[in-house]
Amino acid sequence: MLVDDPKQRSWSLDNSYVAAAAYLFTTLLMTFPLALSWRTALPAGDGDLWQNYWNLWWWKQCLLEGTNPFQTPYLFFPNGTDLIFHTHSPFNQVLSMPVNLLFGEAAAYNFCVVFALTVSGFATYLLVREITSNASAAFLAGLVFAYFPNLVEQTQEHLNLFTIQFIPLALFYLLRWGRSSRNVDALAFGACFGLNALCSWHLGLKLAMIVTPVVVWIAWRNRRQWSGYARGLGLAAALAVLIVLPAVSPMVASLAGGADHVTKPPVPRGIDASYLFTPSYANPLFGPLVESRYVARTYRAAGFVCYLGLVPVLLAALGAWRAPRRSLGWLALFALGVILAIGVDPWWNNTRLEADFLPFGLLRGIPLLENLRVANRFMLVAGLGLAVLVGIGWQQLGKRRRWALPLAATLVLAEYSWLPYPIRRVEHSPLLRQVAERPGAVLDIPFHQRSRTVHNMAAQTVHGRPVSGGYLSTYPPATLAALDSEPALSALAGAPSAEAVVDVERLRDLGFRTVIVHKYRMQSHQQRLREIFDPSDTLEWKRILRLGGLPDATVEALRQQLDSALGGAAIEDEDLAIYFF
C-alpha cells in the first residue's frame, strides 16, 4: 500500500532500503545460528558442500600464487588436471574473495548464503512491485522466493545453485525495458544475465528458457519500433557476452581444440510429487509430524524438499483466479517448473508410477539443455512462479488491515522455516597440520571414489599438499587415462581389493611422500554409526550413507603392506593413519 506522508513512507516497505534491510534481517533469522559461527561452521551438507569449499580454497590459492584457476597440479597428482568444465561459480568466488582472504573459506561460503538469500528476496520484491505497483505484495512475494524450502535446502550443498538472485533481477529489468525502452534497463538486463551465468551455467540455461518467451512477447509488442528494440537487445547481449567471456573462453578454446570431458549421467528421477504438500523435515512446527516420511525415502543429494506451503498456495490460487491474464505467464512458469522437477519417473507417496511420457525426457535431445541433467532442480524455477503469483494474489485481496501483512509474512516464514538452521562445525584432524610440514604429495586411501572421497579435498585445504584423485563436476578423459595407465595408482583407486599391491618405491618415484589411510571410510565404521544414530536425523543420516565403501579386510591388507615397508604409521588417531616415506 502506497503511503502519501513522506515521513511515513521513509519507514514503509515502499522504501527500497527498508525492504532490503528487512530481507537481510529475515535471512539472519532464518539461518540462525549460522551467523554466530560464521567462521567455524557451515550449512550441514556433506557432499558437494566440500567440493564448493575446496573451490573457494583453490581460487584463493590462485590469487595468492598468481596461477590459472582452470588448471591445477593439486589434484590427480602427478599429472594434474584441467578444471575448464568443472563447476566454479566464478561470480561467488570473486564476490566472496575479500571475506575469504580475511576470514577463510567457511566465512566466504556463509557470506554467499546470506548474500544470495537476501538479494533473492529483494530482487523478487523489485520484480513484483514492477508488476503489481504494490509494495506489500512485493515484499510477501520476496519472502516466498527467498526462503522457499527447496532453495534453502540447496544452501546445504550447492553454492552454484542457491545463488539464484539474478534470475528475478534480470526479469525485473527486462520488464522495465519492455515498458520504457530505455537502454539503461537493457544494459542492466544484460548484466544480470551475464552475472547469473557466472553463478552457474545451469542457472544461465534456466534463465534463457524463462526469458525467451518474454523477449518474443516484448518484440511483438514493440514491433513498430523494431530498430530501437533490436538496438537494446543487442546492447544487452553484448554486455552479457563481455561479462561471461573470461570464464567461457577457456571452454570454447578447449572444445575448438577437440577436447572432450566425461559428464555425470542424467538424474531423471526428480521429486516425489506428494512432497509438494509435505513440510520440510527440519521445520520446527511440522517436521516431527512428517520425519518418518523422509526416513522412508532418504535422498542423499539436496533438492528433494519441495514443500509449497498452504498460505502461498492459497494466495497464488487467488491471484490466478481473480487476475487470470496477469497471472497466466507466471502460472505457466510455476507449472513448467513442477512438471520438469518430477523428472522421467514420477513418484507419489514413495511409490513409483507408470508414465508413458514426461517432458523432462525431451531435454536430453536439445543441445545445451541436455546439461540440465538433475530434474529436481527445476523446483527453483517453480518457486519463482509461485512467488509472483503470491504477490498478485495479495494485491487482489483489496483493502487490508495493518496487521494483515505481518500475519501473512509470519505464517509463510513459519511454514518455510528451518529453525534452528542446520549447521556443521568445520573440523579436521589436527594431524593434517603435520602433513603440511612435509614435502611431496599425498596418496589418500581410498581415493577416486567420486563424491565419496570429497573429504580428501577438504583435508587438502588444511595440509595444502597435492593429492591423488579428486571429485570434479566433469572428468577430462586424459586425466582418467593417465590414472589408469599408472599401475601404482590404478591398483589403489576406487575401492581396491585386498590383493592390491602398494608399490612404495614407485610411489616415491612419482613424488609421493605421505600416505593417509582414512579409517572412517571403513565399512565397520559406517555400521557402528548406523547403530548409534537415529535415521530421523536426516542430514546426519545422509552423511553416514556417504561413508563406507572400503572393506575392512582391504584396509587391514593394505596397512600390513605399509607397516612392512615403512615400519608402521608415523602418526595416527581414530580417523587417520598417516605414513611418511
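Tutor: Let's start with a term: helices (H or I, at least four residues) and strands (E, at least two) are DSSP runs, numbered from the N terminus. This is a predicted model, where local features need pLDDT of at least 70 and side-chain atom pairs count only at pLDDT 80 or more, while totals for chains, interfaces and linings use all residues. Residues are numbered from 1 along each chain as its sequence is written, and side-chain values use heavy atoms, with hydrogens and water left out.

Student: How many helices and strands are there in the protein?
Tutor: You'll find 25 helices and 10 strands.

Student: What share of the residues is buried?
Tutor: Buried means under 20% relative accessible area, exposed over 50%, and partly exposed in between (1.4 Å probe, protein chains only). Here buried residues make up 58% of the 581.

Student: Which residues touch the most other members of the largest nonpolar core?
Tutor: A nonpolar core is a set of buried Ala, Val, Leu, Ile, Met, Phe, Trp, Tyr and Cys residues joined through side-chain atoms within 4.5 Å. The largest one holds 185 residues, and Leu-140, Trp-330 and Met-379 touch the most other members. Helix 5 (residues 105-132) supplies the largest share of this core, 13 residues.

Student: What is Leu-140 in contact with?
Tutor: Contact means heavy atoms within 4.5 Å. Leaving aside neighbours within four places in sequence, Leu-140 is in contact with Leu-315, Val-390, Trp-394, Leu-405, Ala-408, Ala-409 and Val-412. For the protein, take the contacts with a separation of 6 or more: residues 24 or more positions apart account for 78% of them.

Student: Where does Val-381 lie?
Tutor: Val-381 lies in helix 16 (residues 379-396), and it counts as buried because its relative accessibility is 8%. Setting aside neighbours within four places in sequence, Val-381 is in contact with Lys-206, Ile-210, Leu-333 and Gly-337.

Student: Is Asn-55 buried or exposed?
Tutor: Asn-55 counts as buried, because its relative accessibility is 1%. This residue is found in helix 3 (residues 48-65). Not counting residues up to four places away in sequence, Asn-55 touches His-86, Thr-87, His-88 and Gln-93.

Student: What does Asp-46 touch?
Tutor: Asp-46 sits in the loop between strand 1 (41-43) and helix 3. With a relative accessible area of 6%, Asp-46 is buried. Not counting residues up to four places away in sequence, Asp-46 touches Glu-157, Arg-424, Val-454, His-455, Arg-543 and Arg-546.

Student: How about Ala-21, buried or partly exposed?
Tutor: Ala-21 counts as partly exposed because its relative accessibility is 45%. You'll find Ala-21 in helix 2 (residues 16-30).

Student: What should I look for in the backbone angles?
Tutor: Most residues other than glycine have a negative phi, and most peptide bonds are trans. Ser-133 has a positive phi of about 55 degrees although it is not a glycine. Ser-133 is found in the loop between helix 5 and helix 6 (135-146), and it counts as exposed because its relative accessibility is 54%. Ser-181, also not a glycine, has a positive phi of about 60 degrees. Ser-181 is in the loop between helix 9 (166-180) and helix 10 (183-199) and, with a relative accessible area of 45%, is partly exposed.

Student: Which residues does a cis peptide bond join?
Tutor: Pro-78 lies in the loop between strand 2 (71-72) and strand 3 (81-82). Another cis peptide bond joins Ile-445 and Pro-446, with omega about 5 degrees. Pro-446 is in the loop between strand 7 (441-445) and helix 19 (454-463).
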